[in-house]
Amino acid sequence: MHRPTLDRAAELREESGVIDRLRGETSTRVIAVRDGRVRVTDDLLVRVAPTEPVDATWALLGRDESGTPLLLAALPAESATIDAAPDETWLGLRDLGARLPAQESEILIEALALAAWLRDAPFCPTCGGGTEIRQAGWSRRCLVCGRDHFPRTDPAVIVAVESRDGERLLLGANANWGGRMYSCFAGFVEAGESLESTVHRELAEESGVRLSALRYVSSQAWPFPRSLMVGFRAVVDDEADARADGEEIVDVRWFTRAEITSSLEGEGPVGLPGHASIARALIVDWLEAGA
């Protein structure tokens, strides 16, 4: 399990003028985000001096493992690239896959999620009034009704479903993928619903199966735009019940360990999720647990 190495420095968020102070310190480094993309060199996030980004919305990310202050510069989509970097050198989370070390991925996901919120939530959802950024980029206060608003996280479950003997894995093909890729089953938590209830409901809706066992595995922040994916392993009650709902899921299929191994290696019979996703991690977890 990866332990966080980024100190989010929450105690600094209440310091008046902390962003201006840190921008004035030569030791401070900045992660620039533009349209959901960052720059990467040698599998490390590019950190620039606080004088380089212009026309940015600023926020405090925290301190990295060496204690260096890190700021976020959320750039407009049409902004000129800093240090003359061409467009193709700006990469998104899906482009990067598993290239980044865990410490860098932690910073990347925080930066992408916070930048998206700063970009997409300028108005009060209660009265529609304009807001001002507070707490070093971590809250907004409405200038009309005075309400405080914070970055939103939407929980979702994602589940690897195995046969009762543990030798096969049930995956589904989402309609959005044109049937070309199979993955774990996932869905958002509804109002008033527990994670466990969501798992049982989603599997019944999407694949028709009932579950006899369920356990938590791990979670992953997924800033598209603000999800928290909570991963589970489950055991099916009756394999014969498996069927696609025909709308969101166009096909469900049981896969043997040999088929999963071949597909992970890119040799078929189907495509599987990319290296950046928790879906792939859950599939690999199942495969390795039976090795």
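Is F232 buried or exposed? I looked this up in a predicted model and found F232 buried, with a relative accessible area of 4%.

**Entry 1, aromatic pairs.** I searched for ring pairs and got three. One of them joins Y182 and F255, edge-to-face, with 5.4 Å from centre to centre and 75° between the planes. I placed Y182 in the loop between β11 and β12 and F255 in strand β15 (residues 249-256), so this pair ties together parts 73 residues apart in sequence. I then checked burial: Y182 is buried at 7% relative accessible area, and F255 is buried at 0%.

I went back to F232 and its partner. The ring centres of Y216 and F232 lie 6.1 Å apart with the planes at 80°, so I logged the pair as edge-to-face, the class for planes over 60 degrees apart. Y216 is in strand β13 (residues 211-222) and F232 in strand β14 (residues 227-236), 16 residues apart. Y216 has a relative accessible area of 47% and is therefore partly exposed, whereas F232 is buried.

The search of the whole structure returned 22 salt bridges. I noted R47 as partly exposed, at 27% relative accessibility, and E104 as buried, at 7%.

Next I took R257 and E167, with 3.3 Å between the closest N and O atoms. R257 lies in helix α5 (residues 257-264) and E167 in the loop between β10 (154-162) and β11 (168-174), so the bridge ties together parts 90 residues apart in sequence. Here R257 is buried, at 16% relative accessible area, and E167 is partly exposed, at 41%.

Last I looked at E190 and R201, which meet at 3.7 Å, N to O. E190 is in the loop between β12 (185-188) and α4 (195-207), and R201 is in helix α4, 11 residues away. E190 is partly exposed at 46% relative accessibility; R201 is buried at 17%. I also found both residues in a network of salt bridges that links E190, E193, R201, E202 and E205.

Which ring does the charged end of R34 sit over? I found that of W90, with the charged end 4.8 Å from the ring centre. I also recorded R94 over the face of F224, at 4.1 Å from the ring centre.

Conventions: Residues are numbered from 1 along each chain as its sequence is written. This is a predicted model: local features need pLDDT of at least 70, side-chain atom pairs count only at pLDDT 80 or more; totals for chains, interfaces and linings use all residues. Side-chain values use heavy atoms; hydrogens and water are left out. A salt bridge is a side-chain nitrogen of Lys or Arg within 4 Å of a carboxyl oxygen of Asp or Glu. Buried means under 20% relative accessible area, exposed over 50%, partly exposed in between (1.4 Å probe, protein chains only). Helices (H or I, at least four residues) and strands (E, at least two) are DSSP runs, numbered from the N terminus. Rings of Phe, Tyr and Trp (its six-membered ring) pair if their centres lie within 6.5 Å; planes under 30 degrees apart count as stacked, over 60 as edge-to-face and the rest as tilted. A charge sits over a ring if NZ of Lys or CZ of Arg is within 6 Å of the ring centre and within 35 degrees of the ring normal.
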